[in-house]
Amino acid sequence: MAVSYNKLWKLLIDKGTNKTKLRNATNMSSSTMAKLTKNQPVAMPVLERICAELECNIEDIMEFYKLDEVKLEMQQKEEPSDESIQ
(Lines give C-alpha, C1' and ligand atoms only; values in the text may rest on other atoms or scores of the structure.)
Protein backbone atom coordinates (compact mmCIF):
# COMPACT_ATOMS: atom_id res chain seq x y z
CA MET A 1 0.00 0.00 0.00
CA ALA A 2 1.05 3.54 -0.72
CA VAL A 3 -0.02 6.68 1.09
CA SER A 4 -1.02 10.06 -0.33
CA TYR A 5 -1.30 13.30 1.62
CA ASN A 6 -2.82 15.28 -1.28
CA LYS A 7 -5.95 15.81 0.81
CA LEU A 8 -3.81 17.49 3.49
CA TRP A 9 -2.40 20.03 1.03
CA LYS A 10 -5.88 20.82 -0.29
CA LEU A 11 -7.18 21.22 3.26
CA LEU A 12 -4.37 23.65 4.11
CA ILE A 13 -5.35 25.79 1.11
CA ASP A 14 -9.04 25.65 2.09
CA LYS A 15 -8.17 26.77 5.62
CA GLY A 16 -5.90 29.57 4.37
CA THR A 17 -2.74 28.23 5.95
CA ASN A 18 0.50 26.65 4.74
CA LYS A 19 3.06 23.97 5.51
CA THR A 20 5.28 26.23 7.63
CA LYS A 21 2.41 27.33 9.87
CA LEU A 22 1.25 23.72 10.24
CA ARG A 23 4.77 22.53 11.07
CA ASN A 24 5.16 25.19 13.75
CA ALA A 25 1.68 24.67 15.22
CA THR A 26 2.17 20.91 15.54
CA ASN A 27 5.82 21.05 16.65
CA MET A 28 6.75 18.92 13.63
CA SER A 29 10.35 18.46 12.51
CA SER A 30 11.39 19.55 9.03
CA SER A 31 12.28 15.93 8.21
CA THR A 32 8.74 14.82 9.06
CA MET A 33 7.31 17.56 6.84
CA ALA A 34 9.63 16.35 4.07
CA LYS A 35 8.24 12.83 4.48
CA LEU A 36 4.69 14.15 4.18
CA THR A 37 5.64 16.10 1.06
CA LYS A 38 7.12 12.95 -0.47
CA ASN A 39 4.06 10.84 0.47
CA GLN A 40 6.12 8.69 2.82
CA PRO A 41 4.72 7.13 6.01
CA VAL A 42 4.89 9.16 9.22
CA ALA A 43 4.14 8.23 12.83
CA MET A 44 0.53 8.16 14.00
CA PRO A 45 1.10 10.77 16.76
CA VAL A 46 2.13 13.25 14.06
CA LEU A 47 -1.07 12.58 12.13
CA GLU A 48 -3.07 12.96 15.37
CA ARG A 49 -1.49 16.38 16.02
CA ILE A 50 -2.24 17.48 12.45
CA CYS A 51 -5.87 16.40 12.79
CA ALA A 52 -6.20 18.15 16.14
CA GLU A 53 -4.73 21.37 14.76
CA LEU A 54 -6.88 21.34 11.62
CA GLU A 55 -9.97 20.04 13.47
CA CYS A 56 -10.47 17.18 11.04
CA ASN A 57 -10.40 13.38 10.82
CA ILE A 58 -7.59 11.21 9.47
CA GLU A 59 -9.48 10.50 6.24
CA ASP A 60 -9.54 14.26 5.60
CA ILE A 61 -5.75 14.40 5.29
CA MET A 62 -4.63 11.11 3.77
CA GLU A 63 -5.55 8.17 1.56
CA PHE A 64 -4.14 4.71 0.97
CA TYR A 65 -3.64 3.33 -2.52
CA LYS A 66 -2.66 -0.05 -3.83
CA LEU A 67 0.82 0.18 -5.33
CA ASP A 68 -0.50 -1.06 -8.68
CA GLU A 69 -2.89 1.89 -8.85
CA VAL A 70 -0.07 4.35 -8.17
CA LYS A 71 2.16 2.78 -10.83
CA LEU A 72 -0.67 2.87 -13.38
CA GLU A 73 -1.40 6.50 -12.56
CA MET A 74 2.28 7.43 -12.99
CA GLN A 75 2.48 5.60 -16.32
CA GLN A 76 -0.59 7.41 -17.60
CA LYS A 77 0.99 10.77 -16.72
CA GLU A 78 4.19 9.84 -18.56
CA GLU A 79 2.49 8.62 -21.75
CA PRO A 80 2.02 11.36 -24.36
CA SER A 81 -1.58 12.03 -25.26
CA ASP A 82 -2.81 11.93 -28.84
CA GLU A 83 -3.17 15.72 -28.75
CA SER A 84 0.49 16.31 -27.89
CA ILE A 85 1.67 14.13 -30.77
CA GLN A 86 -0.08 16.21 -33.45
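I began with Asn-27, which is exposed at a relative accessible area of 68%, where exposed means over 50%, buried under 20% and partly exposed in between (1.4 Å probe, protein chains only). I noted that this is a predicted model, in which local features need pLDDT of at least 70 and side-chain atom pairs count only at pLDDT 80 or more, while totals for chains, interfaces and linings use all residues. I also noted that residues are numbered from 1 along each chain as its sequence is written, and that side-chain values use heavy atoms, with hydrogens and water left out.

I located Asn-27 in the loop between helix H2 (19-25) and helix H3 (30-37), taking helices as DSSP runs of H or I with at least four residues, numbered from the N terminus. Although Asn-27 is not a glycine, its phi is positive, at about 55°.

I then turned to Asn-39, which lies in the loop between H3 and helix H4 (44-54). Asn-39, also not a glycine, has a positive phi of about 55°, and with a relative accessible area of 29% Asn-39 is partly exposed.

How many disulfides does the count give? I applied the rule that a disulfide is a pair of cysteine sulfur atoms within 2.5 Å, and the count came to zero. Cys-51 is in no disulfide, and its nearest cysteine sulfur, that of Cys-56, is 4.1 Å away. Cys-56 is likewise in no disulfide, its nearest cysteine sulfur being that of Cys-51. I checked accessibility too: Cys-51 is buried at 10% relative accessibility, and Cys-56 is buried at 14%.

Definitions and conventions:
Helix = DSSP H or I, 4+ residues; strand = E, 2+ residues; numbered from the N terminus.
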